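Work through the exercises below with the coordinates open. Each task is followed by its solution.

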Amino acid sequence: MAEEGFDYKPVIWEEEFGFAGLGDEEELTEEEWKLKYGYGIFAMMVEDMARWEDEGPPEDEFIDPNMEYMESLSESEREAYEKALWGDWEAHQPEPQFDEEGNEIWEEPDWSEIGGCQNTVQQEYFGGNEEAWQELDKELQPAWEEFEQWVNTDPAVVELNQAWSTCMAEKGYDYEDEEAIHEYLFGLEEDLWTQNEPPPDWEPTEEEIENMGPFGPGIDEADVQALADEELAIAAADVECAGNMYEEIDEIRKEYESEFIEKYRDLLERQRDLMQDV
């Protein structure tokens with residue numbers, strides 16, 4: 001940035017956003033955590049909001065050490081500063097690409113055209129092994145899928161999941177496994193945000209901002225609370241039906257790990273070597 005004619009103080013993100021934990025919450029068992037926070041979606045939203053209302057926002061709110069300097073720049077100087085730091089995305093934004101199912105896929109941009117000190121340094125640090133990582137990921141993904149298949153089709157795991165599913169059905173919840181619970185709740189979360197998303201050109205009035213709920217425009221606290229109550233009810237049934245099931249599955253999973261390591265040792269060693277190069 002100095003070569004571009006600007007002052008810049010590095011931001012050490014690990015220091016700014018180091019995870020401080022949840023205090024006494026760290027002592028909760030997995031079952032206790034699930035009973036209090038469910039699956040970390042709506043119940044967590046309600047819990048976080050209650051904490052903010054009781055304690056206020058975190059005292060260690062992040063302040064960019066470069067903000068004072070940026071505010072001292074004129075509008076044109078600040079635009080040049082941001083372009084020097086982050087690159088010229090506006091002029092070189094790649095056209096969106098989509099797969100056969102219509103999902104947008106990431107296309108690597110031409111970093112030399114976009115420029116920017118952040119991008120330049122990141123490419124120098126990580127870019128050299130990028131193709132190697134991409135190739136490794138293509139080979140590792142089916143390997144991990146095979147590992148999960150081994151675990152999920154193990155007769156003992158199948159029996160445990162069937163017993164759990166039967167128990168859940170008796171309590172009014174029709175799920176094959178815990179993954180199905182996550183899919184259901186993520187669907188509700190997506191509906192919550194998309195159904196209440198304001199139009200792109202929405203400019204709230206002062207009155208609308210004043211009356212806006214804690215979860216954003218259009219989202220009613222009562223709706224979030226109702227979703228949290230449903231999430232916690234499912235979690236309570238899950239904990240009761242599971243018993244020691246998840247611990248037993250973890251033990252079975254460990255039994256397959258040595259077989260996985262032996263079969264895919266070369267891929268795992270490549271992964272280790274790439275991680276050491278970072």
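**Exercise 1. Classify Glu230 by its accessibility and list its contacts.**

Step 1. The relative accessibility of Glu230 is 27%. Buried means under 20% relative accessible area, exposed means over 50%, and partly exposed lies in between (1.4 Å probe, protein chains only). Glu230 therefore counts as partly exposed.

Step 2. Glu230 sits in helix H13. Helices are DSSP runs (H or I, at least four residues), numbered from the N terminus.

Step 3. Leave out residues up to four places away in sequence; Glu230 then touches Tyr184 and Leu188. Contact means heavy atoms within 4.5 Å.

Step 4. Gly38 is 192 residues from Glu230 along the chain, yet their C-alpha atoms are 9.3 Å apart.

A note on the source: this is a predicted model, where local features need pLDDT of at least 70, side-chain atom pairs count only at pLDDT 80 or more, and totals for chains, interfaces and linings use all residues. Residues are numbered from 1 along each chain as its sequence is written, and side-chain values use heavy atoms, without hydrogens and water.

**Exercise 2. Check the span of helix H10 (residues 155-170).**

Step 1. The expected span is 1.5 Å times one less than the number of residues.

**Exercise 3. Which residues of H10 are buried, and what covers them?**

Step 1. The buried residues are Val157, Leu160, Asn161, Trp164, Ser165, Cys167 and Met168.

Notes
Helix = DSSP H or I, 4+ residues; strand = E, 2+ residues; numbered from the N terminus.
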